[in-house]
Amino acid sequence: MESEQPHVEDQISLSKYSKRVILETILGRPDGGVGLIGRRIVVGGWVNRPASSEKEPAVQAPEAVGPKDVSCVEVLQSRLPFFRSIIKVFGGDHHRMRDKLDTIIPKPPQPSISILQISDGSCVSSLRVLVDSALASPSHVMPTGTCILAEGIVQKPLLQDKEIIELKAEKIVHVGLVDQDRYPLSKKRLPLELLRDSTHFRPRTTTVASVMRIRNALTQATNTFFHENRFLYVQVPIITTTDSQGSSEIFQVTTLLAKQKADDQSAATDDFEELASQLEAKQKQKSGKNSVQTDKVNFSEDFFSCKTYLTVSGRLHLESYASALGNVYSFGPRFRANKFDSKKFLAEMWMVELEMAFSELELIVTGPFEKISYTEAVETLKQVTERKFETKVEWGVSLSEEHESYLTEEIYKKPLIIYNHPKELKPFNIRLNDDGKTAAAFDVIVPKVGALIRGSQSEERINMLSTRIKELGLEKKQYEWYLDLRKHGSVRCCGFSFLFDPLVLYATGLNDVRDAVPFPRSFGKANN
């Protein structure tokens, strides 16, 4: 005889690694969890706010009209923050004095029941949990951020409000205490810019948690799209010997600084400063060279026995796999050492990059987007009289964020493709157009976000590629492997880099990309 199966509405999902019930499977049910009333379960999560605390849960009575008596105890309690601030100003032992104040000023009576709202991150909604003071002290479980694991019975709410169900705790399995004076989320309504200083705690806020859920959905959708369109995923290196752009600011990877300090501690300061200046020095853009001044550095003693960098782009490496596998893509972090403060770009940004063999960029001309050439964009901006730009508009100068924003938000008022940029503004490996002055590249500019996609056709002519490397003063040895692709079975390839972080910014409507990234790294700022 078959065993009797539980009704679908009564089924709940346990965590794979514990007996804890995932809150999403309770709060996300069509009945809101009503079908679970009477069930004994274990739930866990963090207190995102204490709902309230009452001696007996009941409907709150209307406040009496008229003046309210205030006791001396209540007055002293209301002044505690002021007293503690004074102590800090005069440099006293804050925690020691706080303990003395707490012994002098009587504490209010503890509630017999703590009413908490907890969330375990599985969904936006939270579950109300009632904890009797006999199980755990209200001062321990009520502070925002407290971690609690409790076993109890699902019941109908005792308070007549919007909650559909609640849990009456009968056993407290675990309590992770919070120091309210030090916990940054104890304060209410912290602005996003202040939360950036506590990146390890900010996912506990509703806003940041929601942003990460959107980011996760976009990540899954990206991988699904490429999988369904028969692209192969290729992991490209983060550490590379090749400056993929040839004209960008790059982070150099080295262990020589630490080695130098260990070899000669007495002269460490002088050697460190000299070596650091050599590694960071750049030749002026007018000279065309952008390799660091490393004449006095012996890189054969370095970890990789040569100069290495954090990758700016993975497209050069992807091209080698496109030359064998057809259509390929990668998804990962890319690094640029540009020293500017921007709301749209970071030093470490995630990019989606792809390369397609047997493809040409000319197809974009027939696409369904609004398209203008770089030259047309410059001429359009030159005709603007009601706005004075910080960066002068002239041919050959890179369009700034200000220029791009004005084009998309004020003139065209929609996403825009700008193509055929001056060759000097694009990486060395982009195919030159027949005019010899512009490169086969395009940028997709989106209102409020800026450049979202940068695409190009790679130069397949080895003589033209070699000439570009020489013109820019690049170290040819770095690019021998890339030139080999042109010597053996060369194929035309097209691809683009898709800036994933600005996409999240656009999808969420936020104003700063640092709020759309779990752990942002920007010029002058890298927390934990």
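This is a predicted model: local features need pLDDT of at least 70, side-chain atom pairs count only at pLDDT 80 or more; totals for chains, interfaces and linings use all residues.
Colleague: Which ring does Phe226 pair with in an edge-to-face way?

Modeller: For that you look at two things, the distance between ring centres and the angle between ring planes; planes over 60 degrees apart count as edge-to-face. The centres of Phe226 and Phe231 are 5.2 Å apart and their planes sit at 75°, so this pair is edge-to-face. Phe231 is buried too, with a relative accessible area of 12%.

Colleague: And what sort of pair do Phe226 and Tyr329 form?

Modeller: A stacked one: 4.3 Å from centre to centre, with 15° between the planes. Phe226 belongs to helix 6 and Tyr329 to strand 10, so this pair ties together parts that are 103 residues apart in sequence. Tyr329 counts as buried, at 5% relative accessibility.

Colleague: Which residues make up the aromatic cluster around these rings?

Modeller: Phe225, Phe226, Phe231, Tyr233 and Tyr329 form one cluster. Searching the whole structure turns up 13 aromatic pairs.

Colleague: Let's move to salt bridges. How many does the structure hold?

Modeller: There are 29 salt bridges. Start with Arg215 and Asp501, whose side chains meet in a salt bridge at 2.6 Å, N to O. This pair links distant parts of the chain, with Arg215 in helix 6 and Asp501 in helix 14, 286 residues apart.

Colleague: Why does Asp501 count as buried?

Modeller: Because its relative accessibility is 0%.

Colleague: Where is Lys426, and where is its partner Asp443?

Modeller: First find the bridge itself: the closest N and O atoms of Lys426 and Asp443 are 3.0 Å apart. Lys426 lies in the loop between strand 13 and strand 14, while Asp443 is in strand 14, so the pair ties together parts 17 residues apart in sequence. Lys426 is buried, with a relative accessible area of 10%, and Asp443 counts as buried at 3% relative accessibility.

Colleague: Which residue forms a salt bridge with Glu460?

Modeller: Arg431 does, with the closest N and O atoms 3.0 Å apart. Glu460 sits in the loop between strand 15 and helix 12, and Arg431 in the loop between strand 13 and strand 14; the two are 29 residues apart. Both Glu460 and Arg431 are buried.

Colleague: Which residues are linked in a network of salt bridges?

Modeller: Arg196, Arg202, Asp341, Asp512, Arg514 and Asp515 are linked that way.

Colleague: You mentioned helix 14. How do I read a helix, and which of its residues are buried?

Modeller: The general idea is that an α-helix has 3.6 residues a turn, so residues three or four places apart point the same way. In helix 14, which covers residues 500-508, the buried ones are Phe500, Asp501, Pro502, Leu503, Val504 and Leu505. They pack against helix 6, strand 10, strand 11, strand 15 and strand 16. Just after the helix comes Gly509, which takes a positive phi of about 80°.

Colleague: Last topic, sheets. What is the strand order in the open sheet of three strands?

Modeller: In general, strands of a sheet pair through backbone hydrogen bonds, either parallel or antiparallel. Here the order is 7-9-8, with antiparallel pairing. Strand 7 and strand 8 are the edge strands, each pairing on one side only. Strand 7 and strand 9 pair over two bridges.

Colleague: Which residue stands opposite Ile239?

Modeller: Leu310, in strand 9. Leaving aside neighbours within four places in sequence, Leu310 is in contact with Ile238, Ile239, Phe251, Val253 and Phe335.

Terms used. Residues are numbered from 1 along each chain as its sequence is written. Side-chain values use heavy atoms; hydrogens and water are left out. Buried means under 20% relative accessible area, exposed over 50%, partly exposed in between (1.4 Å probe, protein chains only). Helices (H or I, at least four residues) and strands (E, at least two) are DSSP runs, numbered from the N terminus. Contact means heavy atoms within 4.5 Å. Two strands pair if DSSP finds at least two bridges between them. A salt bridge is a side-chain nitrogen of Lys or Arg within 4 Å of a carboxyl oxygen of Asp or Glu. Rings of Phe, Tyr and Trp (its six-membered ring) pair if their centres lie within 6.5 Å; planes under 30 degrees apart count as stacked, over 60 as edge-to-face and the rest as tilted.
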